[in-house]
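Please open the structure in your viewer and keep a selection tool at hand.

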Amino acid sequence: MGMGCLGHSAELAFAMEPSDDVAVPGQPIMLGCKVEGTPPVRITWRKNGVELLESPHSTMLANGSLMIHHFQLDQGSSPSDEGDYECVAQNRFGLVVSRKARIQAATMSDFHVHPQAIVGEEGGVARFQCQIHGLPKPLIMWEKNRVPIDTDNERYTLLPKGVLQITGLRAEDSGIFHCVASNIASVRVSHGARLTVSGSGSGAYKEPMILVGPENLTLTVHQTAVLECVATGNPRPIVSWSRLDGRPIGVEGIQVLGTGNLIISDVTVQHSGVYVCAANRPGTRVRRTAQGRLVVQAPAEFVQHPQSISRPAGTTAMFTCQAQGEPPPHVTWLKNGQVLGPGGHVRLKNNNSTLTISGIGPEDEAIYQCVAENSAGSSQASARLTVLWAEGLPGPPINVRAVSISSTEVRVSWNEPLVNTKEIIGYVLHIRKAADPPELEYQEAVSKSTFQHLVSDLEPSTAYSFYIKAYTPRGASSASTPTLASTLGEGDAGLWMRVLGSSTLQLLWEPWPRLALHQGGFKLFYRPASKASFTGPILLPGTVSSYNLSQLDPAAVYEVKLLAYNQHGEGNSTVRFVSLRGASERTALSPPCDCRKEEATNQMSTTGIVIGIHIGVTCIIFCVLFLLFGQRGRVLLCKDVENQLSPPQGPRSQRDPGVLALNGARLGDRDQLGRDEKCVDMKELEQLFPAAGAGGQPDPRPPQDPAAPALYEETQLSMLPLQGFSLREERTSEAKAPCAGPAAAPPPQDTGSGLLSEGQAAQPSSAPAAQPALSGQ
């Protein structure tokens, strides 16, 4: 197309953009476009994304508008003029593209719904409807007997969607009705439909009924919404409207047409919702309802436009563009008319509403456009990026190298730029994972006298990208050429060894299943320490955690080395030395111990020592008291100690009369040792503790159930353990020994409560079995 030099703006922008339109075939159509900017400005046009070439069929006017002289449809030899048109403007600052304007041919289809004949009663309601499609939307009119209907008649209601309502029918309303549709393309007349009005109704009561309720509508802002509601009944029902969400419908731009049709002019997004038509019988709560949904769409419009900016080279430029609409618009960015996607140093965030360009250079200087588009329409806004390039800035650092040091460290080195190095105040190293987007990049600053930097805290087995910029007080240099380096595999694998025999060694380590994801595993080397070369590598998968080395020299010391590897390299090796002879001898001489058993034994021995001391002290006290109070006092003491310290072991009613249990032995068993050698005089005991039922007073306490639990004394002296006291009988030919003498104590019994330590076997027993029990109490 032609070229025009327009405008006076310092940049480039549209003062007028083409709009959607409908053209009549064979007739001319003009698409408007006006540009402001620094001349010279070149204007061209695109159709469906392809630049239009100059031709007699279309001409660009001096102001930049496009004139199509004879709009045509597809005729085989020549393409249709229908399509999406864009105006493109360019000057030395960049290029901008207008919004898309859709141009369609005017059309008119045949009626796909014709009005139908109706028979109605006087006073009733009649409704005719016709439907037809066309571009632009056809204007619907009605004729009765080939004469246009008088629209001033209040009983006749014409709705824009092609509906005719007649209320309060009269005989003169009878006739033949036609629907007439017209637009710039054509005029169509429907079939005729006869209306017959019969005599007056019977006047009988009729329930309210909604003949036609509101339909679901989808409109664009500023259009008119027609919500139809036709109700019948006798008496005539009252029609009312409400919103289902309870919000008020409002009054501005709202009117009721006819007897119940709701008209909303100049609709907005706030008018969207569900509307309910209700037909009420007068004076009652009897009602019928119908509802329809209204959806109002809004084309995209900008809440925040991008602003032109100027930034020094090497810095970051950011544009923000926020648009709203219904449905929410999709935002795309153009750079000099070409779609701009994320990648490299370009980032898009916040649903594409923010455009960030890092490390800008001369190639980034352009006009950037934000295009917001939805089903209701599109809008565009533009801004210019100016890159400030200061004179004397240093060149990019050169000879950038990156070397992997370990699984988490890489050393980056470089040389200073070739030119303008005097004003350099430092370097900035830019780091990111090679697989990550540029927005995840981070930086580390380095002093101007340093030409290498150790980057730490990296992830093992990972590729990283590095580049460097030199900074001066006036700005940054351009970026160096990026370099890549991969960290090594993970470090020390951990290695343990177990000698299985004189010539076999088992190696154990932690498995690393994720090594298999990076084409890795383990490498195993071994050698006698006296040799220079290793045997290996033995390659093992990352899921393996052990390996046996056999047929080794029992007399040799072996060096074993294990390391992990993947496609990026090898990790740190783990080295161990082992002597099979020394390890096997130690294994034979010192079998593994059961540490838990030893610990338990030590705890039990300690408990036995404590119990033994208590028993010894108690026994000494007992003997002193025995000597002081004599034989009678001795028996009383034994009973008193028992009463205070030991609960009876069973119900008194079950004890054998005249029997004394001594150290767990019944008296009948002791008779074999000789009655004349007892330590305790049984007759004396019987006098002190007469047996129940043996000639004494009966036990005043009621007999207990044999199954009942034993009764325990309430008072006990916890400071003196009962285990320290016992009544024993001694067999001796010399004399009667004192009761409970230490020398007569039997060997201690292990009852589970504790063990005596060595050297304590002669002390009184601490076994709790069979406490002394006295019968006949």
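How many bridges join E7 to strand E8, and in which direction do the two run? Select residues 66–68 for E8: 3 bridges join E7 to this strand, and the two run antiparallel. The model is a predicted one, in which local features need pLDDT of at least 70 and side-chain atom pairs count only at pLDDT 80 or more, while totals for chains, interfaces and linings use all residues. Residues are numbered from 1 along each chain as its sequence is written, and side-chain values use heavy atoms, with hydrogens and water left out.

Strands here are DSSP runs of E with at least two residues, numbered from the N terminus, and two of them pair if DSSP finds at least two bridges between them.

Next, go to the largest pocket, with a volume of about 1,300 Å³. A pocket is an open set of points on a 1 Å grid over the protein atoms alone, where a 1.4 Å probe fits, with protein on both sides within 12 Å along at least five of seven lines; lining residues have an atom within 4 Å of a point. The volume is the space filled by probe spheres set on the points, which are joined across faces, edges and corners. Select Lys-137, Thr-218, Leu-219, Thr-220 and Gln-223, which lie nearest the centre among the 35 lining residues. Strand E24 (217–220) is one of the elements that give two or more residues to this lining, and E24 provides the largest share, 4 residues.

The second largest pocket holds about 530 Å³ of space. Of its 25 lining residues, Gly-123, Gly-124, Lys-206, Thr-232 and Gly-233 are the closest to its centre. Colour strands E13 (118–122), E23 (206–212) and E26 (230–234), each of which supplies at least two residues of that lining.

Finally, select Thr-483, which is placed in strand E48 (residues 483–486). Thr-483 counts as buried because its relative accessibility is 15%, buried meaning under 20% relative accessible area with a 1.4 Å probe and protein chains only. Leaving aside residues up to four places away in sequence, Thr-483 touches Val-400, Arg-401, Ala-402, Tyr-464, Ser-465 and Phe-466, where contact means heavy atoms within 4.5 Å.

Methods: Buried < 20%, exposed > 50% of the residue type's maximum accessible area, 1.4 Å probe, protein only.
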